[in-house]
Amino acid sequence: MDKFRREMETFVRDLYEGERKVLVFGEGPLRARVLLVGEAPGEREAMEGRPFVGRAGKNLDAFLQGAGLRRDELYLTNAVKFRPVRVSRAGRTVNRAPTPEEIRIFAPWLWREIDLVDPQCVVTLGNVPLRAVTGERLTVGEAHGRFRTVKNRTVFAMYHPASVIYNPALREIYAADLHILAAWLRKDDI
């Protein structure tokens, strides 16, 4: 994993010459049974250098606990490894969605990371990671709560934990999907 990170740092530094991109690498145990893929780091994640530590991360932690899953047993990463930003009308630096080009650039790196961790299940959290992992123009609304096989990997799509912040009606769907995942993992224990 250290070699992977050094190679990615060199790649990003060369690709974005003159720009200071703060990379946020995945964290969690190698050989974790589940690898969760988010979209990209936000401001808090870029500041702390860790995935899912902001508001969405707090939601994720609560949902995981409710489903009987522990964060320290999972590997968490993002489809794009740096914080995509734009300047708002008020002149503030704010998050933006990754561009299709950024997603395309990082997809091979994401798959290398998945192969290094070698999880039993890859869980995509939102449209960006779903598309990055599957290579298809799917939406989470079409794919959530179901398992599929991609490159000989079991993939399970879910809404991003931030989605329930902006759309509380998704809370029940999100919790139900997590319980489907937890039941699948328990079944696999037998």
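This is a predicted model: local features need pLDDT of at least 70, side-chain atom pairs count only at pLDDT 80 or more; totals for chains, interfaces and linings use all residues.
Residues are numbered from 1 along each chain as its sequence is written, and side-chain values use heavy atoms, with hydrogens and water left out. Local features need pLDDT of at least 70 and side-chain atom pairs count only at pLDDT 80 or more, whereas totals for chains, interfaces and linings use all residues.

Reader: What volume does the largest pocket have, and which helices give two or more residues to its lining?
Author: A pocket is an open set of points on a 1 Å grid over the protein atoms alone, with protein on both sides within 12 Å along at least five of seven lines, and lining residues have an atom within 4 Å of a point. The volume, taken as the space filled by probe spheres set on the points, is about 740 Å³ for the largest pocket. Of its 27 lining residues, A56, N95, H160, A162 and Y166 are the closest to the centre. The elements that give two or more residues to this lining are helix 2 (43-48), helix 3 (55-66), helix 5 (127-134) and helix 7 (163-166).

Reader: How many charged residues are in the lining of the largest pocket?
Author: Asp, Glu, Lys and Arg count as charged, while Ala, Val, Leu, Ile, Met, Phe, Trp, Tyr, Cys and Pro count as nonpolar and the others, Gly among them, as polar. On that division the lining of the largest pocket has 12 nonpolar and nine polar residues, and its charged residues number six.

Reader: Which helix gives the most to the lining of the second largest pocket?
Author: The second largest pocket has a volume of about 190 Å³, and of the 12 residues that line it, R33, G68, L69, E73 and L185 lie nearest its centre. By class this lining holds seven nonpolar, one polar and four charged residues. The element that gives the most, with four residues, is helix 8 (residues 171-189).

Reader: Which strands stand at the edges of the five-stranded sheet?
Author: Strands are DSSP runs (E, at least two residues; helices are H or I, at least four), numbered from the N terminus, and two of them pair if DSSP finds at least two bridges between them. The open sheet has the order 2-1-5-7-6 with mixed pairing. One side of each edge strand is left without a neighbour in the sheet, because each has a single partner strand, and these edge strands are strand 2 (75-78) and strand 6 (147-150).

Reader: Is strand 1 mostly covered or mostly uncovered?
Author: Strand 1 (34-38) runs parallel to strand 5, joined by four bridges, and also pairs in the parallel sense with strand 2 over four bridges. Buried means under 20% relative accessible area (exposed is over 50%, partly exposed in between, with a 1.4 Å probe and protein chains only). On one side V34, L36 and G38 are buried, and on the other L35 and V37 are buried. With five of its five residues buried, strand 1 is mostly covered.

Reader: Which residues is I105 in contact with, leaving aside its neighbours within four places in sequence?
Author: I105 lies in helix 4 (residues 100-117) and has a relative accessible area of 13%, so the residue counts as buried. Contact means heavy atoms within 4.5 Å. With the neighbours within four places in sequence left aside, the contacts of I105 are F11, L15 and Y16.

Methods. On a 1 Å grid over the protein atoms alone, a cavity is a set of points where a 1.4 Å probe fits but cannot get out, and a pocket is an open set with protein on both sides within 12 Å along at least five of seven lines; lining residues have an atom within 4 Å of a point. Axes are lines fitted to C-alpha atoms, for helices over the stretch in contact, and angles run from 0 to 180 degrees between N-to-C directions.
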